[in-house]
Amino acid sequence: MTASSEDRSAKQSVDFNDINTYFRSENVLNAWLMFDFKQKKIRPTHYSIRTKPSNRGAEHLKEWVIEGSNDKYNWKLLDSRKDIEVLNSKSAFHKFEVQENLEQNEFYQYIRIRQTGQNWCLDNYLNISGLEYFGSIK
């Protein structure tokens, strides 16, 4: 896991056993969090996000895209969300379906979530307590 910047470790976004830990980027535009599946590739169909343990109106994710790549330079848009209310609360959890219809043989080594607008607190910190992807792997 890597991130555009880290105020809190990116690895904390995959600890689903502890709802009190979370990843936090620095306050920068287009902050992102990227998974590298190494020798594997994924064809994502769904993903889930859990917010940090802070009340409504805090730095909860509001607008983002999910992108896939095999070289970290060329990115394909897989999903796009805007003004998502369901994540605007303490430790909220929601599963989203990937909007792009991928070909049966379309797999990616790198998947990232990139914040495309301000969060509910109206700054640019990307905060995620839990992030996981679902789909096929090869």
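1. Ser-25 is buried, with a relative accessible area of 0%. Buried means under 20% relative accessible area, exposed over 50%, partly exposed in between (1.4 Å probe, protein chains only). Ser-25 sits in the loop between β2 (23–24) and β3 (32–36). Strands here are DSSP runs (E, at least two residues), numbered from the N terminus.

2. A note on the source. This is a predicted model, in which local features need pLDDT of at least 70 and side-chain atom pairs count only at pLDDT 80 or more, while totals for chains, interfaces and linings use all residues. Residues are numbered from 1 along each chain as its sequence is written, and side-chain values use heavy atoms, with hydrogens and water left out.

3. What does Ser-25 touch, leaving aside its neighbours within four places in sequence? Its contacts (heavy atoms within 4.5 Å) are Ser-5, Glu-6, Asp-7, Ala-31, Asn-124, Tyr-125 and Leu-126. Look at Leu-126 again. Its backbone nitrogen lies 2.9 Å from a polar atom of the Ser-25 side chain.

4. Asn-88 is another loop residue to check. It lies between β6 (76–81) and β7 (93–97). Asn-88 is buried, with a relative accessible area of 4%. Not counting residues up to four places away in sequence, Asn-88 touches Arg-56, Gly-57, Ala-58, His-60 and Trp-120.

5. Now the core. A nonpolar core is a set of buried Ala, Val, Leu, Ile, Met, Phe, Trp, Tyr and Cys residues joined through side-chain atoms within 4.5 Å. The largest one has 25 residues. Leu-33, Ile-49, Trp-64, Ile-113 and Tyr-133 touch the most other members. Two or more residues each come from β3, β4 (42–50), β5 (64–69), β8 (110–115) and β10 (130–137). The most come from β4, which gives three.

6. Trp-64 deserves a look on screen. Not counting residues up to four places away in sequence, its contacts include Tyr-47, Ile-49, Phe-96 and Ile-113.

7. How many of the nine residues of β4 are buried? Seven are, and the strand is mostly covered. Strands pair if DSSP finds at least two bridges between them. β4 pairs with β10 in the antiparallel sense, over eight bridges. Here Tyr-47 stands opposite Tyr-133 in β10. β4 also runs antiparallel to β7, joined by five bridges. On that side, His-46 stands opposite Glu-97 in β7. In a regular strand the side chains alternate between the two faces of the sheet.

How values were computed
Helices (H or I, at least four residues) and strands (E, at least two) are DSSP runs, numbered from the N terminus. A polar contact is a pair of N or O atoms within 3.5 Å; within protein, one must be able to donate a hydrogen and the other to accept it, and residues adjacent in sequence count only if both atoms are side-chain atoms.
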